[in-house]
Amino acid sequence: MNEEQEQQGTGTGGDFEEHLRELLAEDANAIRPAPVPYPAIRRRGTIERRRRVAAAGAALVTLAAMPVGAYALAGGEGGGNTVASTPPAGTAPRTPPTPSAPPAGPARPATEDQLLDGITFGQAVDGLEKCLAYDRSHTRGPSGFRTDLGAAEEYRIILAMNSTGDSNAPGDGMHVVAVKEEPKQTRLICNVKDGKAKGLSTSVGSDDVPGAGPVTADLSGGKLYRQSVLDRGNWKLPFRWGVIGTVEPSVARVTVSYGGATSRAALDHGWFVASGVLNRQVTVAPRIKGYDADNKLVYDSDEDENYEKGLP
């Protein structure tokens, strides 16, 4: 082979190899796998996640729509329906309101019938406070001793009623009767006129006397059921009267007869309180009777030697 032929063969072979490489490159491109569609996959994943979130949200809404006090089937044979008592999550337990303390002041009478003639409890309390202030304003006696009657809140008001003026103490007003047990049994009868305390009668310590019965009329209670001695036989009528005293626990009922009428007394923490209206002149004190739970007469003032049966 001459040099010219060798060069041509070489040239021809070079073109073939180049052509072959082109063919191989084209085939490689033809059989190369397509690129992974990442954007499409991400879109499908996002759609699937949104579908699942929506489904979960719908379930939560369904649960929230159920009432808090849903019924749950009790376990065990023969179990019944019980109301769920567990509060919803995040709900703070309700704190019951703290009861307010009762207002300071004297105690009320046992019955409303002990507040007479339209006198309110507030007016009776005001009268009691005026009476105690009246007592504190008094000058001590020559010995420098004066009993401290205490504060209004220590007392129980057992009677409030109109008072009728007479020759000895002109002018109508209001009687307030209050008692307390500690530190000593104390009873006060106060008369209030024109918004001022005008007279005060007190008893400190028990009025019990040896041989006293289960019912004891107050020794100073006469001012509640009689007018002045100066007006004997000429009382101002009609006249509101009251009778007070102590009773033992065995006494279940007390009656008071005065001027031809009989009243049943209220029993108030060891005290009895009776009242009525007198429409005629009288000369005999009220008659008091006490009965036990069997309605047996256990006390009669007509049989009591310590009870003053006439009027002065």
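Trainee: Which residue stands opposite valine 215 in E8?

Mentor: Valine 247 in E8 stands opposite valine 215. Keep in mind that this is a predicted model.

Trainee: How many bridges join E7 to E8, and which way do the two run?

Mentor: There are 3 bridges between E7 and E8, and the two run antiparallel.

Trainee: What is the order of the sheet that holds E7 and E8?

Mentor: The order is E7-E8-E12-E11. This is an open sheet of 4 strands with antiparallel pairing.

Trainee: Which strands stand at its edges?

Mentor: E7 and strand E11 (266-268) do, and each has a single partner strand, so one side of each is left without a neighbour in the sheet.

Trainee: How much are the neighbours turned against each other?

Mentor: On average, neighbouring strands of this sheet are turned by 30°, direction ignored.

Trainee: Back to Val215. Which residues have the most contacts inside the largest nonpolar core?

Mentor: Val215 is one of them, along with Tyr225, Trp241, Val254, Tyr258, Phe272 and Ile288. The core has 22 residues.

Trainee: Which strands supply at least two residues each?

Mentor: E7, E8, strand E9 (253-258) and strand E12 (271-278) do. E8 gives the largest share of this core, with 4 residues.

Trainee: Why would nonpolar side chains be found together?

Mentor: In soluble globular proteins, nonpolar side chains tend to be buried together.

Trainee: New topic. What is the order of the sheet that holds E3?

Mentor: That open sheet has 4 strands in the order E3-E4-E5-E6, with antiparallel pairing. E3 and E6 stand at the edges with a single partner strand each, so one side of each is left without a neighbour in the sheet. Its neighbouring strands are turned by 15° against each other on average, direction ignored.

Trainee: Is E3 mostly covered or mostly open?

Mentor: E3 is mostly covered, with 6 of its 8 residues buried.

Trainee: How many bridges are there between E3 and E4?

Mentor: E3 pairs with strand E4 (residues 173-180) over 7 bridges, in the antiparallel sense. In one of these pairings, serine 163 has glycine 173 in E4 as its bridge partner.

Trainee: And between E4 and E5?

Mentor: Those two pair over 7 bridges, in the antiparallel sense. Histidine 175 stands opposite asparagine 191 in E5.

Trainee: How does the lining divide by class?

Mentor: It has 8 nonpolar, 13 polar and 6 charged residues.

Trainee: What is the volume of the second largest pocket?

Mentor: The second largest pocket has about 310 Å³. Its lining has 24 residues, with Ala217, Leu219, Asn306, Tyr307 and Glu308 the closest to its centre.

Trainee: Which strand gives the most to that lining?

Mentor: E7 does, with 3 residues. Strand E7 (215-217) and E8 each supply at least two.

Trainee: And the classes there?

Mentor: The lining of the second largest pocket has 13 nonpolar, 6 polar and 5 charged residues.

How values were computed: Residues numbered from 1 in each chain as written. Predicted model: local features only at pLDDT ≥ 70, side-chain atom pairs only at ≥ 80, totals over all residues. Heavy atoms only, no water. Nonpolar A, V, L, I, M, F, W, Y, C, P; charged D, E, K, R; others polar. 1 Å grid on protein atoms, 1.4 Å probe; cavity = no way out; pocket = protein on both sides within 12 Å on 5 of 7 lines; lining within 4 Å. Points joined across faces, edges and corners; volume = space filled by probe spheres on them. Pairing = 2+ DSSP bridges. Axes fitted to C-alpha atoms, helices over the stretch in contact; angles between N-to-C directions. Core = buried A, V, L, I, M, F, W, Y, C linked by side-chain atoms within 4.5 Å. Buried < 20%, exposed > 50% of the residue type's maximum accessible area, 1.4 Å probe, protein only.
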